[in-house]
Amino acid sequence: MPVYQSEQQQIWRRRTPRARLLGALGWLLGLALVVLCWQLITAQTNWGFVRDAPTQARDLFGRMIPPRWEYAPSLVRPLWDTINIATLGTLFATLLALPLIFLAARNTTPHPALRALAVLLIVTSRSVHSLIWALFIVYLVGPGVFAGVVAISLRSVGFVAKLLYEAVEETDAKQIEAIRATGASGLQVLLYGVVPQVMPTFAGVAAFRWDINIREATFLGLVGAGGIGLQLNSAINSLQWSRAGVIFVAIFLLVLFSEWVSARVRQAVT
Amino acid sequence: MSGTTPEQTRKTWSPRPLIARRWLRWLALFAVIGYLALALITVPVDGARILRGFERSGRLFGEFLQPDFTSRWRDIRIGILESLTMTVVSTAVGVLLALPTSLGAARTLAATPVYLLCRGYITVVRTFPEIIIGIVFVVMMGFGPFAGFLTLTLATTGFIAKLMAEEIESVDGRQLEAIRATGASWAQVVLYAVVPQVMPRFIGLSVYRLDINFRESTILGIVGAGGIGATLNTAMARYDFSSAGAILIIIIGIVLVLEYGSSYLRKRLQ
């Protein structure tokens, strides 16, 4: 922090003139980028529709209210499917993640080349949105709940594996050495030296991912991968907004519930 | 070993169980197994269809491994550009709007009615997945990136406001008191006591949200809200997997650049 001597008094400044100039330049560049992007968006927008939006919104919510509650009982099965997609998807993802974690953590990997392969798989899984995974899986195995389970698993593997291999890398080396000193085999070292240390993280990550997966399972039906999104899609395509309203309420309650459960589980394990 | 009694030699060690009470342990085990059995039974699995899927996967991966960037390059370029512009503008606007919302949602700073209003807004916005909000906006505003921009902006405000409100609530109270003791107004307390404490976290979250917004912008096109998702969806519908592969590679590349960029920035800030 520079201090300047001017006439009789000292003047304190937070930044040097050079830093201030660079900061201002950065802000200017950022602003220019946003304005440029905004122009690209407006060029692609039909403003007539946007001006019409308040009318459309009034119309839309007007038709949603009152919701057709008698439609609610037929949502029980889709909700059950949604929860299953998330739960089974999380379960299979954690199972698939186990070998990847072991291969990707620097302190347990058998070979750097295997580590690179595992990290590549993790990165691919994580970078592709679950809806895109669902697009591919629906093409491969056909529409339905099964496709949803597979899509959710493929998306979650990378997430679970990344957080856990980082946890494995941060394990206390002394405990592992102590187990090894007793003459334990490689598997025993893993089981008694590494696993107990990462178990709380493991449970926490699984609960966290389950919560995210419930949220994602609600819209996989948009591309045919099962769950309540299927009903939402058909309600919207046939413009039955009073049904869509009920579905929105159901999704809202389901997600709040899953958030609560996940928070309780994470509180319990940490 | 003649000195040891039989009782001592039979002692074996076993790891501490996760749930201490025995009946609860068994109940939990049975509940989990029962649920999983029920869930697995209700997932319809069409074996023949899945087998055909394995044949199809050969073609899918074969064409993915020969990505075709050129023949649909015009559509891909427009899609990616739309995704990126939506990401930049919605992050900028969302972050700006999140500032007042996060102050309002902090119990320590806001009056109760304001607090409840802001918390309610955050809960509703955060509970619904982006793509479902996107559907509603597309119905109201018409197709195109404007609907996607609004969706991502809304989601950004909810995300940042919630995490920032928690951060603001946990700032050091002594600094607040010190500034208040000088006779500072509410605005001055926020500016000189709260802002300096939460600024690093705020910048970190904004950068992180930029990363998330790009990921979300890749799927919004599937429901017509602009971005690369529309191009990808069309490519898949036409069974044009080499173009789909090219799009996927571009998405993974941009996600990686954003992710490593954002984690590097966040590390430097903390």
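**Note on the predicted model: helix packing, core and chain contact**

1. In chain A, helix H5 (residues 112-127) and helix H7 (residues 145-169) have axes that come within 7 Å and cross at roughly 125°. That angle makes H5(A) oblique to H7(A), since angles under 35 degrees count as roughly parallel, over 145 as roughly antiparallel, 65 to 115 as roughly perpendicular and the rest as oblique. Axes are lines fitted to C-alpha atoms, for helices over the stretch in contact, with angles running from 0 to 180 degrees between N-to-C directions. Helices are DSSP runs of H or I with at least four residues, numbered from the N terminus.

2. This is a predicted model, in which local features need pLDDT of at least 70 and side-chain atom pairs count only at pLDDT 80 or more, while totals for chains, interfaces and linings use all residues. Residues are numbered from 1 along each chain as its sequence is written, and chains are lettered from A in the order in which they are written.

3. The crossing of H5(A) and H7(A) is left-handed (the near helix is turned anticlockwise from the far one by less than a right angle). On the H5(A) side, A:Ile122, A:Val123, A:Ser125 and A:Arg126 meet residues of H7(A) that include A:Leu154, A:Val157, A:Phe159 and A:Ala161. Contact requires C-beta atoms, placed from the backbone, to lie within 7 Å. By class, this contact has six nonpolar, two polar and three charged residues; Ala, Val, Leu, Ile, Met, Phe, Trp, Tyr, Cys and Pro count as nonpolar, Asp, Glu, Lys and Arg as charged, and the others, Gly among them, as polar.

4. The largest nonpolar core has 129 residues, and among those that touch the most other members are A:Ala161, A:Leu164 and A:Leu220. H7(A) gives the largest share of this core, 16 residues. Such a core joins buried Ala, Val, Leu, Ile, Met, Phe, Trp, Tyr and Cys residues through C-beta atoms within 7 Å; buried means 20 or more other C-beta atoms within 10 Å, exposed 12 or fewer, and partly exposed in between. Beyond its neighbours within four places in sequence, A:Leu164 is in contact with A:Ala97, A:Ile101, A:Val198, A:Thr201, A:Phe202 and A:Val205.

5. A:Arg106 lies in the loop between helix H4 (76-104) and H5 of chain A. A:Arg106 counts as exposed because it has 10 C-beta neighbours inside 10 Å.

6. Between the chains, 46 residues of chain A are in contact with 47 residues of chain B. The chain A side has 32 nonpolar, twelve polar and two charged residues.

Methods
Helices (H or I, at least four residues) and strands (E, at least two) are DSSP runs, numbered from the N terminus. Two residues are in contact if their C-beta atoms, placed from the backbone, lie within 7 Å.
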